[in-house]
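Hi,

Here is the model I promised to pass on.

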Amino acid sequence: MIALLRLTGRRLLQLPVMVLGITLLVFVIMQFSKIDPAINALGEGASVQAREAYRAAHGYDDPLLLRYWNFLVGMVQGDLGTFSARQQPVIDEVARAFPITLQLTFLGLIIAVLGALVFGVLAALYRDRWVDQVIRVISIAAVATPSFWLAVLLIQSLTLGMDLLPASGPLPAFTEDLGGYLARMALPAFALGVPVAGSLIRVVRTAMVEELDRDYVRTAVGAGIPRSVVVGRNVLRNALITPITVLGLRVGYLIGGAIVIEIIFALPGMGTLILNGVTNNEPNLVQGVTLTVALAFVVINIVVDLLYVLVNPRIRTV
């Protein structure tokens, strides 16, 4: 419990620094855009007076530090600002798009974890045999395959080639049409999860081999306990400590990869939202999306730390 509180406390102390750094970086980068937000909102035919009035009304003429300070004050109050000529609240768009990104990340994580467990355990149980060699080739190929390239390959083969799964179109709600939802999310989740699964396979395999070589395994098997029981109850649990730690680092890749995959598969998530914000020079929208994704990454890592502490018996006894 003390170790868990210590880990969580460190994450929470890092959170304000991370938020300031991310918002400042995005804010400064957006200032280099040559797109005039007044023209973007009012159109090319707007008069000079109308453009000046728009900039003055929305604070675009204020000093840079003042504009950044106003954004921080609004953020603390739960207001991420507005965007577009219709003055849509950023928080509403983020609330609509963020669950889709989380769903895609979660499905990709499930594919990665299941693939890593199945292939990693098999490779360890049949180490240095043909099964291990084949899985090694599969894991190397998965790691070397970029998710965006795999996404394009899946679209060409399974959508355009065989018309098996959709690569675009509306996303049904999983509570209303589970089959349609899974069909729509299958390709992006697979493209997102395969590279992560490839890297985790080797981690699981190495951790399993180390546990299988320990004395307690030989003692238990020699005492007559079935090997499958020893592997399932003891070896697998102890071997999961290292993969869970590595998994926390892979979550950031999954979230970042999900944003790119959403654009390829035309999913209405955070990826499409941030692309619209960059294209239309909407700094509030870009900052809101980036900040939300960064906060989600920190929260997920705290959860992974919790799992790590719960799985590791040595830490739990501290």
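Which helices each supply at least two residues of the nonpolar patch? They are α5 (90-125) and α6 (130-143), with helices taken as DSSP runs of H or I, at least four residues, and strands as runs of E, at least two, numbered from the N terminus.

Before the rest, the caveats: this is a predicted model, where local features need pLDDT of at least 70, side-chain atom pairs count only at pLDDT 80 or more, and totals for chains, interfaces and linings use all residues. Residues are numbered from 1 along each chain as its sequence is written, and side-chain values use heavy atoms, with hydrogens and water left out.

Back to the patch. Val 118, Phe 119, Leu 122, Leu 125, Tyr 126, Trp 130, Val 134 and Ile 138 make it up, and together they have about 710 Å² of accessible area (Shrake-Rupley, 1.4 Å probe, only the protein chains shown counting as cover). The top contributor is α5, with four residues. Phe 119 sits in α5 and counts as partly exposed because its relative accessibility is 32% (buried is under 20%, exposed over 50%, partly exposed in between).

As for the whole chain, it has 14 helices and two strands, and 42% of its 318 residues count as buried. The C-alpha trace spans about 90 × 55 × 35 Å along its principal axes.

Cheers

Terms used: Patch = residues over 30% accessible without salt bridge, like charges linked within 9 Å, V, L, I, M, F, W, Y side chains within 5 Å. Salt bridge = Lys/Arg side-chain N within 4 Å of Asp/Glu carboxyl O. Buried < 20%, exposed > 50% of the residue type's maximum accessible area, 1.4 Å probe, protein only.
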